[in-house]
Amino acid sequence: MQTIAEFMSANHHACDEAFAVAEQAALANNWSEAETAFNNFRTELAKHFRMEEDELFPTLVSAGGPAGPVQVMRMEHAQMNTLIEQMAGTLTRQDAQGYGGLSETLLIVMQQHNLKEEQMLYPIADHFLASQREALLGHMRVE
Amino acid sequence: MKIISLNTEQAPPISVPLRFFTAAPLFLLLAALTLVSGADNPFADIHSPALLAATHCITLGFMAMIMLGAIQQILPVVIGSSMPASRLTSWLTFLPLLSGALLLPAGFLLGKPVLLDLAWPILGLAFITFISAGLISLARAPAHNATKTAILLSILALGGAIALGMLLAHGYATGSLLPYAKLATAHISLSLGGWVLLLIVGVSYQVVPMFQLTPNYPKWLGNGLAPAIFIVLLLILLSLLLEPMPHWVAIVVQGLFWLLAGCFAVATLWLQSKRRRRVADATLSFFRLGMMALLCAALLAFATLFFPENDRLGTVSAVLFLLGFAMSLMYGMLYKIVPFLVWFHLFRGGVKRGVPNMKEVIPETWMWRHLWLHRSTLLAALFAPWWNAAAWLVSLGLLLQGMLLGYALLIAIAVYRRTLVRIEEDLP
């Protein structure tokens, strides 16, 4: 059976893929493709955040999981959302340089966030939520 | 499962890593000046005092300075645990490393035993503080991954390298009778093959996929490479105890080491060729240059095993490892870490508008200029043992690189300070 770590890590990779497509199009000044790809990325990431904030995190904390790190993860989501809003602005202005700088920043924030989740938080979630894993994954899939 | 210590917000103050990073370029200037200090070409004789002094300017003053600063920053992210008492640890490593890295090369260059005898206990203090803090941090880490193993082995190798280095420096200072050649081989193997290579291997497992969205290193490689390198290093140390050492033993153990190092370079280049992020990036170019240099260093080292009488091939292999591999990777890392830290520490204050993004901290044009300057320096270094003019070009290259890197870091600090002042003025 798939673990929470496996499912959520695969989801991170899907977001990465969408991120890379959007960045490449924007830096090539290919704005119509960039917009489609960026919107796709934004939707994917928002969905991922909802899975965590509405399902995984509350379930983990109520099962006795660590609340502090969960709070930090939420804060980092907010940081990423701010960067994404700023990126949307550069897209409207067709400002490739601005987009490139912000996407470089977002990449590092996002990747080190993913690293902490994949290596620490998700394994903890698998440990605490072993009995409810099936149900939880089901809820997250319909988000 | 340990969860008590899981704390994902443990970044040390920005002054901690920046202190180390801004001191490092000064040692490139010193290395350059040291190389031109003598009348002869220092690269022609691997035992020349100028080459020994310049090498330690680079390994201690530049490389160790960056590595010690970066590790304090990176540990919380890659293994989920920070160094204990970050400010105190930082000062107790930075100040002695700075003074020791000035005294030791000065002792070599001027032939003053008193300087060497002053240097080794001071450097010992820096590294013992760092090693103890590093081991405590690793023991507390909630993560169990290949990076943690590699960093642990790297720190253990550093411990051995430093003990041998202290013994050698004390021996030179007092004129004691010691098997210098063998101790030096063990010291170099543990410091470059152990500490430097294993640390880069461990950090690469995380940052290569992270910066360019490449696939992860294969699991078997991730789990097996660092322990294999460490075991081969132990075999190299054991082989040094054989008297006389049969030549085939040297070929087998050193050949194995370079085979493993070469595998790491090939694997990294292969992963980077599969990257999903395909935009131009100076860090990526520095990393690729570094991996290609490591591969060439390995090939040349193989050649020296079969032509041991040719000293200069060995010098070129060492130059490729130090300047080509290790230094390129450090530049690549710095050009990502420093802009990120500036953004992170400004943004963390809760201010969202007017915080410069990463590409507004150090202009990319400077990074590309640095890459070209570094490539040219490396090219000159390949010919330096045979051609005096090339040795001068290496010195010039190092001098310019020190100035350029110093300038880039000062720009970053200026951007940080300027933005901070503006943010404070904007507050009601």
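Trainee: Where does Glu360(B) sit?

Mentor: Glu360(B) is in the loop between α10 (311-347) and α11 (364-383) of chain B. Keep in mind that this is a predicted model.

Trainee: Is Glu360(B) buried, exposed or partly exposed?

Mentor: Glu360(B) is partly exposed, because 19 other C-beta atoms lie within 10 Å. The cut-off for buried is 20 or more.

Trainee: How far is Glu360(B) from Trp343(B)?

Mentor: In sequence, 17 residues separate Glu360(B) and Trp343(B). In space the C-alpha to C-alpha distance is 9.4 Å.

Trainee: Staying in chain B, how do α3 and α4 pack?

Mentor: α3 (residues 86-110) and α4 (residues 113-140) of chain B meet at an angle of about 150 degrees. Their axes are 7 Å apart. That angle makes α3(B) roughly antiparallel to α4(B). The crossing of α3(B) and α4(B) is left-handed.

Trainee: Which residues make that contact?

Mentor: From α3(B), they include Leu92(B), Pro96(B), Gly100(B), Leu103(B) and Gly107(B). From α4(B), they include Leu115(B), Ala119(B), Ile122(B), Ala126(B) and Phe130(B).

Trainee: Switch to chain A. How many helices and strands are there?

Mentor: Chain A has five helices and zero strands. From the N terminus, the order is α-α-α-α-α.

Trainee: What about its radius of gyration?

Mentor: Chain A has 143 residues and a radius of gyration of 16 Å. A compact globule with 143 residues would be near 15 Å, so chain A agrees with that. The C-alpha trace of chain A spans about 50 × 25 × 20 Å along its principal axes.

Trainee: How much of chain A is buried?

Mentor: Buried residues are 43% of the 143 residues in chain A.

Trainee: And what do the contacts in chain A look like along the sequence?

Mentor: Take contacts between residues at least 6 apart in sequence. Of these, 70% join residues at least 24 apart.

Trainee: Now α5 in chain A. Which of its residues are buried?

Mentor: In α5 (residues 133-141) of chain A, the buried residues are Leu136(A), Leu137(A) and Met140(A). They are on the same side of α5(A), because they cover an arc of only 100 degrees around the axis.

Trainee: Why would residues a few places apart point the same way?

Mentor: An α-helix has 3.6 residues a turn, so residues three or four places apart point the same way.

Trainee: What is on the other side of α5(A)?

Mentor: Glu134(A), Ala135(A), Gly138(A) and Arg141(A) are exposed there.

Trainee: What do the buried residues of α5(A) pack against?

Mentor: They pack against α1 (4-27) and α2 (31-62) of chain A.

Trainee: How do α2(A) and α5(A) pack?

Mentor: The angle between α2(A) and α5(A) is about 165 degrees, and the axes are 9 Å apart. α2(A) and α5(A) are therefore roughly antiparallel to each other. The crossing is right-handed.

Trainee: Which residues meet there?

Mentor: From α2(A), Met51(A), Glu55(A), Leu56(A) and Thr59(A) take part. They meet Leu136(A), His139(A) and Met140(A) in α5(A). Leu136(A) and Met140(A) are among the buried residues of α5(A).

Trainee: Last topic. How many residues does each chain give to the contact between A and B?

Mentor: Chain A gives 26 residues and chain B gives 27. On the chain A side, the elements giving two or more residues are α1, α3 (67-93) and α4 (96-128).

Trainee: Which element gives the largest share of that side?

Mentor: α4(A) does, with 14 residues.

Definitions and conventions:
Residues are numbered from 1 along each chain as its sequence is written. Chains are lettered from A and ligands numbered from 1 in the order in which they are written. This is a predicted model: local features need pLDDT of at least 70, side-chain atom pairs count only at pLDDT 80 or more; totals for chains, interfaces and linings use all residues. Helices (H or I, at least four residues) and strands (E, at least two) are DSSP runs, numbered from the N terminus. The radius of gyration is taken over C-alpha atoms; the globule rule is 2.2 Å times the number of residues to the power 0.38. A residue is buried if 20 or more other C-beta atoms lie within 10 Å of its own, exposed if 12 or fewer, and partly exposed in between; C-beta atoms are placed from the backbone. Two residues are in contact if their C-beta atoms, placed from the backbone, lie within 7 Å. The arc is that of the directions from the helix axis to the C-beta atoms. Axes are lines fitted to C-alpha atoms, for helices over the stretch in contact, and angles run from 0 to 180 degrees between N-to-C directions. Angles under 35 degrees count as roughly parallel, over 145 as roughly antiparallel, 65 to 115 as roughly perpendicular and the rest as oblique. A crossing is left-handed if the near helix is turned anticlockwise from the far one by less than a right angle, and right-handed if clockwise.
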